[in-house]
Amino acid sequence: MQGIRNSISAAAVVATALAGTAFAEASDETIRIVDTHTINGFDVGNDKTTWPSYQLSYSMCDRLFAFGIVDDGDGFISDDPNVITGELAESWEYNEDNTVLTVTIKEGATFHNGDPVTAEDVAWSLARAATTPRTKNQMKVGGMVREDQFVALDDRTVQITLDSANRFLISDLVVPMAVIYNAGLIQ
């Protein structure tokens, strides 16, 4: 019975999501999304941003990390929270006591306009997420609470320093609140 309830709940969620969405043919260079939900911004840190905007941000912005993918073989895929992969992160390493995470950004990573993704962009974006009203509580889960915890060591290396070891740090960098913005363009 529980399985039937879960299947019905999942079907209701999918039906609700698709009900407000229309699909249109697009060229190879264009993505068209028509949605009746109120997307009022791209910035999930803004305390006036609507929840549908989070999906836009999740779809349009990269994060340092992503969860692995599980394919159930029946055409459905889902996140695997037990597997972390790099999205913008090429490599990462903790210090001995797990209070400092050093991340190297993938070589050649660029934003939509062709600007390179730099460690400065990452440090600025994460510092902002850790201190912005809508995102700071989520970032706190991973121990990220202050701007000074994020430092660009060079163009491709960013360091995150915690006050104490936190097992949720990397998984907290997967969430839509930890998106990386083009700092120079926004500023």
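**Cavity lining and an aromatic pair in a predicted model**

The lining of the largest cavity comprises five nonpolar, three polar and one charged residues (Ala, Val, Leu, Ile, Met, Phe, Trp, Tyr, Cys and Pro count as nonpolar, Asp, Glu, Lys and Arg as charged, and the others, Gly among them, as polar). The structure is a predicted model, in which local features need pLDDT of at least 70 and side-chain atom pairs count only at pLDDT 80 or more, while totals for chains, interfaces and linings use all residues. Residues are numbered from 1 along each chain as its sequence is written, and side-chain values use heavy atoms, with hydrogens and water left out.

The secondary structure consists of six helices and eight strands (DSSP runs numbered from the N terminus, helices being H or I with at least four residues and strands E with at least two). From the N terminus on, the order of elements is α-β-β-α-β-β-β-β-α-α-β-β-α-α. Of the 187 residues in the protein, 33% are buried (under 20% relative accessible area, with exposed over 50% and partly exposed in between, for a 1.4 Å probe and protein chains only).

One aromatic pair is present in the structure (ring centres of Phe, Tyr or Trp, the last by its six-membered ring, within 6.5 Å; planes under 30 degrees apart are stacked, over 60 edge-to-face and the rest tilted). The rings of Phe65 and Trp92 have centres 4.7 Å apart and planes at 85 degrees, so the pair is edge-to-face. Because Phe65 belongs to strand β3 (residues 65-71) and Trp92 to strand β5 (residues 89-94), the pair ties together parts 27 residues apart in sequence. Phe65 is buried, at 0% relative accessibility, whereas Trp92 is partly exposed, at 30% relative accessible area.
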